[in-house]
Each structure stands twice: as structure tokens, then as C-alpha cells.
Amino acid sequence: MNQSPGVPIIGIVDDDESVRESLAGLAESVGYEAALFASAEEFLQSVQHCDSLACLILDVRLPGMSGVELYSRLPLSLRSVPTIFITAHVDPEMNIWATMPEVIAVLYKPFQPEVLLQAVRKGIMRSRN
């Protein structure tokens with residue numbers, strides 16, 4: 001990833017390559033950069049991007065560690081990164097996560113691209129404050 005100064009980087013963690021690629025394309029279409037990860041473990045091992053993330057998009061259901069588990073295990077440096085959970089499964093527990101201070105949104109697939117972009121913009125605004 002060649003990072004341009006001042007360009008927000010969106011971290012995307014999803015085990016479905018087509019979802020990762022489409023979310024990256026959406027982010028890049030509005031001028032953001034995307035850092036893609038196929039698993040929670042891969043994300044945690046890639047700490048070089050961590051300090052520069054403006055927003056994080058986490059799939060809830062991942063093989064191995066779930067997106068919720070990943071969120072709860074984030075190092076202190078990442079606890080303040082605005083986070084958006086995405087899921088195809090309705091789970092009442094996600095209502096609890098939606099109230100966490102840094103969780104911008106919980107979006108259920110399929111969602112409209114503009115809904116995701118609104119949440120990302122909100123996250124980026126929050127990360128800049």
C-alpha cells in the first residue's frame with residue numbers, strides 16, 4: 001500500500017475476498033485508501049497499518065477469531081479507531097456492541113453503499129477530532 005499523506009486509511013477485515021475488494025473499491029472511489037485483511041489474526045499481525053487507520057470495518061463472522069473478538073482484543077493504540085461492524089446474520093447481541101463508544105454502526109448485509117460511506121465519513125470525522 002503506498003500511502004499518501006493525509007489520505008484516510010480504512011481497515012477492512014472480511015474473509016470473503018469479493019466483499020473485501022468491493023468495499024476497497026467503494027472506499028477508493030471517494031478518495032480513501034484501503035488496507036485489506038482476510039482474518040482477524042492477519043489484521044493483528046499487521047501492526048504497521050494500525051496507527052494510521054482512520055476507520056475500521058469488521059465482519060462479525062470470521063473463521064477463527066470473530067470480528068467482535070477482534071474488537072475486544074484490540075491493542076490500546078487501536079481502541080479509539082472508529083469501527084463499523086458488518087454482518088449477514090441478525091444477532092441481538094450486536095445491539096449491545098452498537099452502543100460501544102467507538103462503534104459507529106452495525107450494518108446488516110446487504111446494505112446500500114451510501115449507508116456504509118456515511119458511516120465511514122462519520123468515523124473519519126470522529127478520528128480527526
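## Ground rules

Buried here means under 20% relative accessible area, exposed means over 50%, and partly exposed covers what falls in between, with a 1.4 Å probe and protein chains only. By that rule Thr83, with a relative accessible area of 0%, is buried.

This is a predicted model, where local features need pLDDT of at least 70 and side-chain atom pairs count only at pLDDT 80 or more, while totals for chains, interfaces and linings use all residues. Residues are numbered from 1 along each chain as its sequence is written, and side-chain values use heavy atoms, leaving out hydrogens and water.

## How confident is the model?

pLDDT is the predictor's confidence in each residue, from 0 to 100. The protein chain averages 89, and 92% of the residues score at least 70. Helices (H or I, at least four residues) and strands (E, at least two) are DSSP runs, numbered from the N terminus. Confidence in the chain is highest in helix 1, at 96, and lowest in helix 4, at a mean of 81. As a reading tip, where pLDDT is low, the predicted coordinates should not be read in detail.

## Two threonines in strand 4

Let's go back to Thr83, which lies in strand 4 (residues 83-87). A polar contact is a pair of N or O atoms within 3.5 Å; within protein, one must be able to donate a hydrogen and the other to accept it, and residues adjacent in sequence count only if both atoms are side-chain atoms. The side chain of Thr83 reaches the backbone oxygen of Val81 at 3.0 Å. Contact, in turn, means heavy atoms within 4.5 Å. Not counting residues up to four places away in sequence, Thr83 touches Leu56, Leu58, Tyr71, Glu102, Val103, Ile104 and Ala105.

Thr87 is also found in strand 4. With a relative accessible area of 2%, Thr87 is buried. Its contacts, leaving aside neighbours within four places in sequence, are with Asp59, Val60, Leu107, Tyr108 and Lys109.

## Helix 1

Helix 1 (residues 17-29) has 13 residues and reaches 18 Å from its first C-alpha to its last, close to the 18 Å expected at 1.5 Å a residue. That expected span is 1.5 Å times one less than the number of residues in the helix. Which residues of helix 1 are buried? They are Val19, Arg20, Leu23, Ala24, Leu26 and Ala27. Seen down the axis of helix 1, these buried residues fall within an arc of 160°, so they line one face of the helix. The arc is that of the directions from the helix axis to the C-beta atoms.

On the other side of helix 1, Glu17, Ser18 and Ser29 are exposed. The cover over the buried residues of helix 1 includes strand 1 (9-13), strand 2 (33-37), strand 3 (53-59), strand 4 and helix 5 (113-128). Gly31, with a positive phi near 95°, follows helix 1.

## Helix 5

Helix 5 has 16 residues and spans 23 Å from its first C-alpha to its last, close to the 22 Å expected at 1.5 Å a residue. Its buried residues are Leu116, Leu117, Ala119, Val120, Gly123 and Ile124. They fall within an arc of 160° seen down the axis of helix 5, so they line one face of the helix. Among the elements covering them are strand 1, helix 1, strand 3, strand 4 and strand 5 (103-108).

Met125 is found in helix 5 too. With a relative accessible area of 52%, Met125 is exposed.

## Aromatic pairs

Rings of Phe, Tyr and Trp (its six-membered ring) pair if their centres lie within 6.5 Å; planes under 30 degrees apart count as stacked, over 60 as edge-to-face and the rest as tilted. The structure holds four aromatic pairs. One of them joins Phe37 and Phe43 edge-to-face, at 5.0 Å centre to centre and 90° between the planes. Phe37 counts as buried at 3% relative accessibility, and Phe43 counts as buried at 1%.

Phe85 and Trp97 also form an edge-to-face pair, with 6.1 Å centre to centre and 70° between the planes. Phe85 lies in strand 4 and Trp97 in helix 4 (residues 93-97), so the pair ties together parts that are twelve residues apart in sequence. Both Phe85 and Trp97 are buried. Together with Tyr71, Phe85 and Trp97 form one aromatic cluster.

## A methionine in a loop

Met65 sits in the loop between strand 3 and helix 3 (67-72). Is Met65 buried or exposed? At 9% relative accessibility, Met65 counts as buried. Not counting residues up to four places away in sequence, Met65 touches Ala40, Glu41, Leu44, Leu70 and Arg73.
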